[in-house]
Amino acid sequence: MNYIDITQPNQTLKLNLNYNGDLTSGDIEFSILKDGSDTVIDSFSVVVLDFKYYQQIELPTNTIAILKDETQYTIVGADIETYKVVYRGKFQTTSKDLNSLSVNEGQYIKKTTATNYTILD
């Protein structure tokens, strides 16, 4: 999963697109939705950088500004001519330093319910 630091500009996402067209022409429109929702928060078209095994986009600064901290989002990329979905993925936002990001802040949360079983003869 990709992580976006919402306190910093110039955040990038690494993607694996299912697209054979020209990536530099801006023919892919990306939409961001809150995870589990069908409501589009923002849409944008950007230049896609193509590397051998993946592609990369840079999120616009105004898009980063509307994202909430510690939230998961779904990003969908669609070809603007055929409306075919060429990418669907998720990313997590955070305001914490990505190099020291950890789950549960290093604390173990003990399960509160017991798993006691009664054997009936």
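## Basis

Local features in this predicted model need pLDDT of at least 70, side-chain atom pairs count only at pLDDT 80 or more, and totals for chains, interfaces and linings use all residues. Numbering starts from 1 along each chain as its sequence is written, and side-chain values use heavy atoms, with hydrogens and water left out.

## Overall make-up

The protein chain holds 1 helix and 8 strands, in the order β-β-β-β-β-β-α-β-β from the N terminus. Helices (H or I, at least four residues) and strands (E, at least two) are DSSP runs, numbered from the N terminus.

Of the 121 residues, 35% are buried (under 20% relative accessible area, 1.4 Å probe, protein chains only). The accessible surface (Shrake-Rupley method, 1.4 Å probe) is about 8600 Å², with 48% belonging to carbon and sulfur atoms. Among contacts (heavy atoms within 4.5 Å) with a separation of 6 or more, 58% are between residues 24 or more positions apart.

## Three-stranded sheet

An open sheet of 3 strands runs β2-β6-β5 with antiparallel pairing; two strands pair if DSSP finds at least two bridges between them. Because β2 (12-15) and β5 (49-50) each have a single partner strand, one side of each lacks a neighbour in the sheet. Strand β6 (residues 55-58) is joined to β5 by 2 bridges, and D50 has Q55 of β6 as its bridge partner.

## Five-stranded sheet

The open sheet of 5 strands has the order β1-β8-β7-β3-β4 and mixed pairing. Its edge strands, β1 (2-5) and β4 (40-45), pair on one side only. Strands β3 (residues 28-34) and β4 run antiparallel and share 5 bridges; E29 has S45 of β4 as its bridge partner.

Key
Buried means under 20% relative accessible area, exposed over 50%, partly exposed in between (1.4 Å probe, protein chains only).
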